[in-house]
Each structure stands twice: as structure tokens, then as C-alpha cells.
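Please read this short report beside the sequence and the model.

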Amino acid sequence: MTEQAGVSTQQIVEKVWLSIAERRLRPGVQLKEGQLAEIFDVSRARIRQALAALEREGLVTIIPNRGAFVCQPSADEARDVFFVRRSVERCAIQRLAGTISADGLETLRGHVGRERTANANDVTTDIIKLSGGFHLLIAELSGSDFLFGMMRDLISRTSLITAVYRNTARFNCGPDEHAEIVEALAAGDAETAMRLMDHHLEHVESELDLRDVRDLSHDLKAALA
């Protein structure tokens, strides 16, 4: 097979991830290698690489002799993920407050500016990517590879959880609350920044209806279009 130029393993991973986060791909659906290879016009080997990466990020379960399936997080897992996120985010904020450079602050403010543009233009894909990216950037600027790795995995799992349990059509991890956190960091006020982050995550979690599992699409081609 001649593979589609420029379609990398990471691009396939991102497309599947966004389809889950945008609530177009149903948890529990089987990700069939042959169908995915046809959709992306790549080899099955490339698809297997992408599925392995998605499994490492906690978005896909690969069952021997059965195949790959989008994970189905339980309500208890959802609560656990947000509990752990609060701890990790507080740790990153604490490390960053009082030590963040002028360049770091400029980077964060620029990121929030791009979030505002995405929200104003109602570009769902950019909203999702930039919202999670803000939290990842906080962890990166903290200088801890461990926190960065933890945050990357937690953001992936949070995207899956919100796809299943969110009870609104909007994504609340937005620029206004992010901007308040940045300004607290600029002031070197770790306590306020941690309090704002706690409030922010509570806001996101409050939008989840943990009694209900959404019935999303099983159609891979439609979900990944």
C-alpha cells in the first residue's frame, strides 16, 4: 500500500483522540485495524503503532485475540482522575509560583490569548487542544519531567471522561479562569494560584453527570471524518 503523504502515527493518534474528546467516537467501540487503515490510507502496521500509543495514553484497551477498543471509564475512575489531577496540578503550581520567568509568563499569556480566539470563533477542535495544552504547559514550565508525564496522561484520561459524562455541549476549561491563574503566578502568590486551580477543576468536574453514560457513535468512518 502507498501510504498517504504526511499522515504520521501521531496524526492518527491525535485524530482519534479529538474524535473521542469531541464526543463523536463512543467509548467501547472497536477500533478495527483494517477499517482504520482504509480511513487513513495507511498500512496496518502504522495503525498498530497508533493504537499502541493510544493504549499508553489510557484511551484504548487492546485485548489479545479480540482487538482494540476505546476505554470505558467508570464513574469511580472519573472521580479518582480528578482527585489525582488536583494533587498534580497543585504541585506544579507550587513549584512554578515565585520562580516563573518573564518568558514563561509571556508564553502562558500568549496561550490564553489563543484560547480566547478559539472560543470567540467557536472552533471546537482548537478549544479542546488549547484547554488541555494550558495545563500541560503549566507542568512543563514547572521543570519536572515527572509532573509533565503525569499531566499528559491525566489530560488524556480527562478528555475521555468528559466525552462520556459531560452534561453540556460546551467545554468549560476556558481562558478566563486560566488567565486568573496566570496573574496569580505573575504575582508570586502560590496560595491564590492553587486555590484558583482547585476552583477551576471543581468547575470542570461539576459539569459531569456521573449517573449517565452517553450513547455516542459506533461509526468509525463518520466519527473520524
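Is Arg90 buried, partly exposed or exposed? Arg90 counts as partly exposed, at 31% relative accessibility. Buried means under 20% relative accessible area, exposed means over 50%, and partly exposed lies in between (1.4 Å probe, protein chains only).

## Model and confidence

This is a predicted model, in which local features need pLDDT of at least 70, side-chain atom pairs count only at pLDDT 80 or more, and totals for chains, interfaces and linings use all residues. Residues are numbered from 1 along each chain as its sequence is written, and side-chain values use heavy atoms, with hydrogens and water left out.

The predictor's confidence in each residue is its pLDDT, from 0 to 100. The protein chain has a mean pLDDT of 87. In that chain, 91% of residues reach 70 or more. Confidence is highest in helix H5 (residues 102-121), at a mean of 95. It is lowest in helix H10 (residues 220-223), at 71. Where pLDDT is low, the predicted coordinates should not be read in detail. Helices (H or I, at least four residues) and strands (E, at least two) are DSSP runs, numbered from the N terminus.

## The largest pocket

The largest pocket has a volume of about 410 Å³. Its lining has 14 residues. Nearest the centre lie Gln10, Glu14, Trp17, Leu136 and Arg152. A pocket here is an open set of points on a 1 Å grid over the protein atoms alone, where a 1.4 Å probe fits, with protein on both sides within 12 Å along at least five of seven lines. Lining residues have an atom within 4 Å of a point. The volume is the space filled by probe spheres set on the points, which are joined across faces, edges and corners.

What kinds of residue make up the lining of the largest pocket? Six are nonpolar, four polar and four charged. Ala, Val, Leu, Ile, Met, Phe, Trp, Tyr, Cys and Pro count as nonpolar; Asp, Glu, Lys and Arg count as charged; the others, Gly among them, count as polar. Domain 1 (9-72) and domain 2 (75-207) each give at least three residues to this lining. The domain bounds come from an automatic or database domain assignment.

## Two residues of the lining

Trp17 sits in helix H1. Trp17 is buried, with a relative accessible area of 14%. From Trp17 to Arg95 there are 78 residues in sequence and 29 Å in space, C-alpha to C-alpha.

Arg152 is partly exposed, at 40% relative accessible area. Arg152 forms a salt bridge with Asp153, and their closest N and O atoms are 4.0 Å apart. Asp153 is also partly exposed, at 28%.

## Salt bridges

How many salt bridges does a search of the whole structure find? The search finds 11. A salt bridge is a side-chain nitrogen of Lys or Arg within 4 Å of a carboxyl oxygen of Asp or Glu. One of them joins Asp198 and Arg90, at 2.7 Å from N to O. Asp198 lies in helix H9 (residues 190-206) and Arg90 in helix H4 (residues 75-96), so the pair ties together parts 108 residues apart in sequence. Asp198 counts as buried, at 17% relative accessibility.

Glu33 and Arg44 form another salt bridge, with the closest N and O atoms 3.9 Å apart. Glu33 is in helix H2 (residues 33-40) and Arg44 in helix H3 (residues 44-56), 11 residues apart. Glu33 is partly exposed, at 24% relative accessibility. Arg44 is partly exposed too, at 47%. Glu33, Arg44 and Arg48 are linked in a network of salt bridges.

## Loops and a buried alanine

Asp41 has a phi near 60°, a positive value in a residue other than glycine. Asp41 lies in the loop between H2 and H3. It counts as partly exposed, at 32% relative accessibility. Asn65 is not a glycine either, yet its phi is positive, about 70°. Asn65 is in the loop between strand S2 (60-63) and strand S3 (67-70). Asn65 is exposed, with a relative accessible area of 87%.

Ala50 belongs to helix H3. Ala50 counts as buried, at 1% relative accessibility. Ala50 and Gly132 are 82 residues apart in sequence and 20 Å apart in space, C-alpha to C-alpha.
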